[in-house]
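Hi,

Here is the structure I said I would pass on.

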Amino acid sequence: MKRTLALVCMLVLIAPFALFAGGAQESAPVVAANPEDSKMGGVLVFGRSGDSVGLDPGRETDGESFYGSTAVFDTLVEFIPGETAVKPALAESWKVSDDGLTYTFNLRSGVKFHDGTPFNAEAVVFSFERQFVETHAYYDLGPWKYWGYMDMSNIVDSVVAVDDLTVQFNLQHVEAPFLANLAMDFASIVSPTAVAKYGEDFKNNPVGTGAFKFVSWNKDSEIVFERNADYWDGPVYLDRLILKVIPDATARWLALQKGEVDLIDFPSTEDIADMRAASDIQVIQQAGLNVGYLALNTQKAPFDNKLVRQAINYAIDKSEIIEGVYGEAGQEAKNPLPPTMWSYNDDIMAYPYDPAKAKELLAEAGLADGFDMELWAMPVARPYNPNARKIAEIMQAQLSKVGVTAEIISYEWGTYLGKTDQGEHQAAMLGWTGDNGDPDNFLWVLLSEPAAIPPAGNIAMWKNSEFTDLCRQAKEVADQDAREALYREAQEIFHEEAPWVPIAHSVVTVPAKTNVKDFVIYPTGKRVFKHVWLEK
């Protein structure tokens, strides 16, 4: 996007001596200032709700972890800021074979990892093979959850270094979203030398080619990064980037007002009006490519019964949740796809709030007297769920009206994710922000049969072969109209089988000081700071 960063000296032009009637006279120096120089420097502090689980992008699945790894690592292709279309990154160009089974990437030359070792085709092969070649020296550092969620082992046959700057991906079948998949965090290119050096601890000592170098990590407090002065896509303006953990939304807003942080994630909806009124605050917003949901574990009673799952959908009043938690930033959900996603099936009628119907279905399922259940709530705010505990309390009260007694349970974020992807929960709140702008990234990753295998992306543990077959067909055809028809049909099956209670889609809001420049919200949920700068 911009030229490689260099330490650019001010160009001083000394005018030649001019001859005047009174004799020779030297003109004053004329300085041609580089406009980029005024952007250089400063420390940006980003206040967020929770800490990263780890910083190896191949091993993690949560947005908080990706906030950190995005700073350190690059991918072969990347998303255009604010969009879901891809553009060249570590790969300068690529071509696809006529049969759609071979992708050949031409890599940038002269790029180095933060440890000084060269980026090349072998590093690309290493970064991918460690996730699916079981004999690879570092395969056992997994599980490589995202690779599994995306079904990549059934997509990629081999990754081959053709020469030092050419790498080839050979696929087992046509995969329509494959190129977009390579812009996702799990496809980041890591330093083979650093992985060999740190082993298991690479997740705490990440080394990539990215805009920022990892400096330190004080768990549950802050992660510090410093500028990569040799960044291939420079200049990187910030001296340092600090990701600071402030769990409470009100405390984050207070820290922003005091100038302790420069921008924050997931503000309380009650504070947004005050933020808009503040002269030194800008409120950056974008419709989120997300969905928040309550997953009903279909492998545990009584949620192995479709009637019970449907009853829970009728028992939840989403309008009360939107009003009490999301405010103006929320929209009721009825499908697993966000309404801004192509193939969204708006013809589906949402489950209305109908406690009488819920009781009727429970009685039909043999649970006329209701039942006891566990209701798991996330400990952190996310784009799709700003306050899971409050939502759980609203649900708890609503469910009690149909005879269901819900006990609210929560865990530390990493533990919560680990337990849910093993299916330990009975019902758990979670959500998703799309990673690549394709319906496959929601429907396959969150609801297919392969995704129900622990560590599961499908935490409803729902196994429906008809739904999975439709999604598989949609992945393997190139025609978008055909794909859309398949995805619309799949959403109808989801609605009937009710493995979730879809809760809401939300607008993503990032309040920031007015001197924070060129920060862009990505639909995919990324937080990218490589070209952000602070006005002096």
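Helix H13 (440-447) and helix H15 (480-497) are among the elements that cover the buried residues of H14. This is a predicted model, by the way. H14 itself runs over residues 465-475, and its buried residues are Phe-467, Thr-468, Leu-470, Cys-471, Ala-474 and Lys-475. Looking down the axis of H14, you will find these buried residues within an arc of 160°, so they line one face of the helix.

You will find Arg-108 in the loop that lies between strand E9 (102-107) and helix H2 (121-129). Its side chain reaches the backbone oxygen of Ala-89 at 2.3 Å. Leaving aside residues up to four places away in sequence, Arg-108 touches Pro-88, Ala-89, Leu-90, Glu-92, Phe-119, Leu-165 and Trp-232.

As for the whole protein chain, there are 15 helices and 24 strands. Its radius of gyration is 25 Å, close to the 24 Å that the globule rule gives for 536 residues, so the chain is as compact as a globular protein of that length. The C-alpha atoms fill a box of roughly 105 × 55 × 45 Å along the principal axes. Of the 536 residues, 57% are buried. Among contacts with a separation of 6 or more, 70% join residues 24 or more positions apart. The accessible surface is about 20,800 Å², with 50% of that belonging to carbon and sulfur atoms.

Cheers

Note on methods: Residues numbered from 1 in each chain as written. Predicted model: local features only at pLDDT ≥ 70, side-chain atom pairs only at ≥ 80, totals over all residues. Heavy atoms only, no water. Buried < 20%, exposed > 50% of the residue type's maximum accessible area, 1.4 Å probe, protein only. Helix = DSSP H or I, 4+ residues; strand = E, 2+ residues; numbered from the N terminus. Arc of directions from axis to C-beta. Contact = heavy atoms within 4.5 Å. Polar contact = N/O pair within 3.5 Å; in protein donor to acceptor, adjacent residues only side chain to side chain. Rg over C-alpha atoms; globule rule 2.2 N^0.38 Å. Areas by Shrake-Rupley, 256 points an atom, 1.4 Å probe, with all protein chains shown as cover.
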